[in-house]
Amino acid sequence: MKLSMLFPPRLKLHAYPTLKLFMHGVPIEYNGPRKADSLVRYLKKFAAPDVSILDSDSAISDFVQAAGTYFPIYIGFGLNESLISKLAIKYKKKAWFSVAKDFSEDVMVLYDFDKVPALASLHPTYNEHNIFYGPYEEEVLEKFIRHSLFPLAVPINYETLKLLNDDERKIVLTIVEDVDEEKSKKLIKILKSAASANRDFVFGYVGIKQWETLLIYLEPTRRQDFQKWLFGIEWRVNGSESIDEEDQASQVSQFLEGYKEGRIIKERIGGPSFMGS
């Protein structure tokens, strides 16, 4: 297993055929799913209000169910719509936004918050949620929304790579043999804990087995773009790149501390052996 610190990706990835969406007259690239049912659900999102108003427990449940699992979901419980309307427009192509005006204590238990106003961010695919209690100044609120667009530990694949293009944070990348192995799952849980306490970084992971399988099915141009993400400049923390199976949590912490303290080695990498030609 290996840890490294990478610059945020800046690749402009393209696939064909290409779809364009127009929001307020501005064309944007379509980066959503391409299967018919998922594509229809994705496009319905852009026709929905910037902020949906929910006035009952059943309305909240229906909203979450209709939103699906592709996008993160933000629900402002007891939150004034005006506080998030501007940010909802800005991040509409990346997330669902709503405010709940009326809800029961059962909902508070379900979404694990104990006071209002509270802003919940949900990642249905990963069964994750975060609660934000403020302050609700625009800069602080936007930082929470931006940092919550991804799960605590992001599986690196072609789709998540496209989403990461706009993120300004450094990426802590962990490379494992197989993400489905029990030891890898244990490490991913540790990465999530580290990510929760270090939201200024994106924590990602990739399995050599899964990566090789993915490259086989990608078109040559897309495969080259995908591979380039790991090429270029990498920052290694001196003496902390590798993770063995003993006390992994401490080793991840030492890696982060070393990076923050500047104990880093800057080098150009030519691609790990599993990257292929």
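Author: Exposed means over 50% relative accessible area, and buried means under 20%. The model is predicted. With that cut-off, take the loop between helix 4 (105–110) and strand 7, where D112 is found. D112 counts as exposed because its relative accessibility is 53%. Its phi is positive, about 60°, although D112 is not a glycine. Most residues other than glycine have a negative phi, and most peptide bonds are trans. The loop between helix 4 and strand 7 also holds P117. The peptide bond joining V116 and P117 is cis, with omega about 0°.

Next comes strand 7, residues 118–123. Here 6 of the 6 residues are buried, so strand 7 is largely enclosed by the rest of the structure. In a regular strand the side chains alternate between the two faces of the sheet. In strand 7, A118, A120 and L122 point one way. L119, S121 and H123 point the other way. Both sets are buried.

Now the partners. Strand 5 (residues 73–77) runs antiparallel to strand 7, and 5 bridges join the two. In this pairing, Y74 stands opposite S121. Strand 8 (residues 128–132) also pairs with strand 7 in the antiparallel sense, over 5 bridges. There, H123 stands opposite E128.

Strand 7 and strand 8 form a hairpin with 4 residues between the strands. N127 sits in that loop. N127 counts as exposed because its relative accessibility is 72%.

Beyond strand 8, the loop to helix 5 (138–147) contains P135. The peptide bond from G134 to P135 is cis, with omega near 5°.

For a helical counterpart, look at helix 1, residues 36–47. Its 12 residues should span 16 Å at 1.5 Å a residue. The end C-alpha atoms are 17 Å apart, which agrees. In helix 1, L39, Y42, K45 and F46 are buried. These residues cover an arc of only 110° around the axis, so they lie on the same side of helix 1. The face turned away from that buried side carries A36, D37, K44 and A47, which are exposed.

Note on methods:
Residues are numbered from 1 along each chain as its sequence is written. This is a predicted model: local features need pLDDT of at least 70, side-chain atom pairs count only at pLDDT 80 or more; totals for chains, interfaces and linings use all residues. Side-chain values use heavy atoms; hydrogens and water are left out. Buried means under 20% relative accessible area, exposed over 50%, partly exposed in between (1.4 Å probe, protein chains only). Two strands pair if DSSP finds at least two bridges between them. The expected span of a helix is 1.5 Å times one less than its number of residues. The arc is that of the directions from the helix axis to the C-beta atoms.
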